[in-house]
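Colleague: Before I use this model, I would like to go through some of the labels attached to it. Please set each value against its cut-off.

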Amino acid sequence: MSTELGHDKPITEALNRQIVLVLDFGSQYSELIARRIRETQVYSEVVSYQTSAAQIKELNPKGIILSGGPSSVYDEYAPKCDREIWNLGVPVLGVCYGMQLMVQQLGGDVRKAERGEYGKASLFIDDPTDLLTNVEDGSTMWMSHGDSCVELPSGFTTLAHTDNTPCAAIAHHDRQLYGVQFHPEVVHSIGGIALIRNFIYHICQCQPTWTTAAFVEEAIREVRAKVGDKRVLLALSGGVDSSTLAFLLHRAIGDQLTCMFIDQGFMRKYEPERLVKVFEEQFHINVEYVNARDKFLSAIANITDPEEKRRRIGHEFIRVFEEQSKRLGPFDYLAQGTLYPDVIESAGTNIDPKTGERVAVKIKSHHNVGGLPKDLQFKLVEPLRKLFKDEVRKVGRSIGLPEEIVQRQPFPGPGLAIRILGEVTAERLNILRDADLIVRQEINRHGIYNDLWQAFAVLLPIRSVGVMGDKRTYAYPIVLRFVSSEDGMTADWSRVPYDILEIISNRIVNEVKGVNRVVYDITSKPPGTIEWE
């Protein structure tokens with residue numbers, strides 16, 4: 001992510017420049033901190049710990065939160081923030097490593113703890129005012145640290161402790177500097193959200209101005225100013241990101257927007273037809289439907305390696321997109337559904353404590369149109385680039401996106417091609433489409449669709465013996481993969497009632513020709529992944 005703080009100023013200016021910054025020291029929870037702040041309806045951005053105090057002052061934040069991180073403050077290449085941050089007169093909250101860095105840089109003492117503290121711990125409150133207002137004594141907080149603060153800097157006092165950590169929460173009230181040794185942003189920390197709200201509202205004096213309506217208004221204004229009377233092309237996939245983007249752009253520039261839907265033949269049953277009908281007939285958004293099913297199927301003929309499938313599908317998409325955009329063009333702008341996690345990941349904030357080198361983070365390119373030929377000469381329009389996934393859903397809902405699209409479960413870019421293990425054929429696609437349709441029908445009929453992160457069918461490239469109507473069968477098995485998750489990073493297999501699984505199994509083996517066995521995947525992530533390929 002760029003640390004040029006002139007970047008994306010229009011949003012913060014529209015919200016009276018009210019922003020809380022998260023300085024990222026390589027924590028796995030940095031994004032989560034920003035999300036928790038936004039849940040209080042206050043805008044937050046993640047920036048590198050290398051951002052200077054002068055740059056931060058230019059952005060005029062209402063508050064600063066220092067994230068945790070994998071380093072010790074005593075590592076040779078431990079990441080350090082600009083010491084002038086403590087003198088900006090802006091409230092600061094250090095979380096875990098962020099607190100230890102604050103203590104060390106301000107003259108306190110941090111040492112390796114005799115006993116590390118990982119997992120749940122009870123927080124005993126010594127000062128229930130200010131930061132810990134409405135946080136109950138004895139609340140469970142999530143710990144993850146090997147170092148501990150043994151001597152506080154001058155002017156600091158202890159707000160709370162645990163059995164193993166004497167200084168679990170600290171404060172310098174006059175300078176509005178605070179630190180917590182636990183992670184209030186994670187769901188396991190009971191009272192953590194109350195603590196964050198105390199910091200945001202009472203200490204930083206923020207107002208809840210980061211609303212869906214405010215974002216939509218500003219995004220439309222920004223798109224109109226940037227695009228003017230030029231034409232915009234959007235590659236529509238049918239997912240919530242590109243669909244929300246299409247609705248937002250259509251509201252901003254109307255018929256200057258052209259959506260291109262490339263049907264690669266790997267979508268679920270009836271989805272392409274339903275998508276085009278909804279956009280064109282119901283909402284009068286221009287969609288150019290491109291039937292490229294035969295081209296894509298030929299491109300992966302006889303291919304069994306999953307990564308090679310993805311590569312060929314991606315290459316074919318670029319080729320078709322280039323060909324069709326030139327046919328429909330010219331276009332001045334390409335709209336992409338880039339989201340804020342993509343922006344953060346592109347920074348590679350993580351630091352190797354042994355070398356001090358930045359650790360590259362692979363960007364998830366399947367969300368966007370990656371690798372487009374340079375001679376297309378598009379300028380980019382990315383109005384969702386400041387939003388997390390849950391915020392995109394809120395925006396989509398607020399501007400009239402149908403609920404079936406808003407709540408659409410994650411679906412891989414290569415579609416059913418990576419839910420068929422081994423070679424993809426027309427026959428196997430038809431089998432999986434029919435099985436997948438039954439899964440979707442039943443989880444909707446039983447009212448559990450929104451309780452599941454993902455629920456889908458997988459076709460295995462093997463056959464087993466069965467018996468139907470006193471006759472021997474030799475057919476494919478279908479694997480049911482139902483998982484629960486908050487963000488897709490980790491997932492647990494869903495404990496779906498047996499009677500629902502039984503109905504799905506009976507329907508599949510009776511209604512889908514070529515299937516005689518249904519199995520249920522009870523593997524969590526990790527060690528497994530959500531998708532099979």
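**Labels and their grounds**

Modeller: This is a predicted model. The mean pLDDT of the protein is 87, and 89% of its residues reach 70 or more.

Colleague: Over which residues does pLDDT stay under 50?

Modeller: Residues 1-16 are one such stretch, and the model has 40 contacts beyond four places in sequence for them. Residues 358-371 are another, with 31 such contacts. Where pLDDT is low, the predicted coordinates should not be read in detail.

Colleague: What makes H7 a mostly covered helix?

Modeller: The count does: 12 of the 14 residues in H7 are buried. Among them are Val240, Asp241, Phe247 and Ile253. H7 runs over residues 240-253 and reaches 20 Å from its first C-alpha to its last, close to the 20 Å expected. Glycine 254 follows H7 and has a positive phi, near 60 degrees.

Colleague: Why is the pair of glutamate 45 and lysine 386 called a salt bridge?

Modeller: The N to O distance between their side chains is 3.3 Å. The cut-off is 4 Å between a side-chain nitrogen of Lys or Arg and a carboxyl oxygen of Asp or Glu, so the pair qualifies.

Colleague: How many salt bridges does the structure hold?

Modeller: The structure holds 30. One of them joins glutamate 217 and arginine 221, whose closest N and O atoms are 2.9 Å apart.

Colleague: What separates glutamate 217 and arginine 221 along helix H6?

Modeller: They are 4 residues apart in H6 (residues 212-227), so about one helical turn separates them. An α-helix has 3.6 residues a turn, so residues three or four places apart point the same way. Arginine 221 has 43% relative accessibility and therefore counts as partly exposed.

Colleague: What makes glutamate 403 and arginine 397 partly exposed?

Modeller: Partly exposed covers values between the 20% limit for buried and the 50% limit for exposed. Glutamate 403 has a relative accessible area of 40%, so it belongs there. Arginine 397, at 37%, also counts as partly exposed. Their side chains meet in a salt bridge of 2.8 Å, N to O. Elsewhere, salt bridges that share partners join Lys295, Glu316, Arg319 and Glu323 into one network.

Colleague: Why is the pair of threonine 338 and glutamate 382 called a polar contact?

Modeller: The contact between their side chains is 2.6 Å. The limit for a pair of N or O atoms is 3.5 Å, so this distance falls within it. Threonine 338 lies in the loop between strand S13 and helix H11, and at 6% relative accessibility it counts as buried.

Colleague: Which residues does UniProt place under "active site"?

Modeller: The unreviewed UniProt entry gives Cys96, His183 and Glu185. They span 90 residues in sequence, yet no two of their C-alpha atoms are more than 11.3 Å apart, so they gather at one spot.

Colleague: How do you know that cysteine 96 and glutamate 185 are buried?

Modeller: Cysteine 96 has a relative accessible area of 5% and glutamate 185 has 1%; the limit is 20%, so both are buried. Cysteine 96 lies in the loop between strand S4 and helix H4. Glutamate 185 lies in the loop between strand S9 and H5. Beyond four places in sequence, glutamate 185 touches Tyr29, Leu32, Ile33, Arg36, Val95 and Ile196.

Terms used. Residues numbered from 1 in each chain as written. Predicted model: local features only at pLDDT ≥ 70, side-chain atom pairs only at ≥ 80, totals over all residues. Heavy atoms only, no water. pLDDT = per-residue confidence, 0-100. Contact = heavy atoms within 4.5 Å. Helix = DSSP H or I, 4+ residues; strand = E, 2+ residues; numbered from the N terminus. Expected span 1.5 Å × (residues − 1). Buried < 20%, exposed > 50% of the residue type's maximum accessible area, 1.4 Å probe, protein only. Polar contact = N/O pair within 3.5 Å; in protein donor to acceptor, adjacent residues only side chain to side chain. UniProt positions renumbered as here; feature names shortened; annotations may be inferred.
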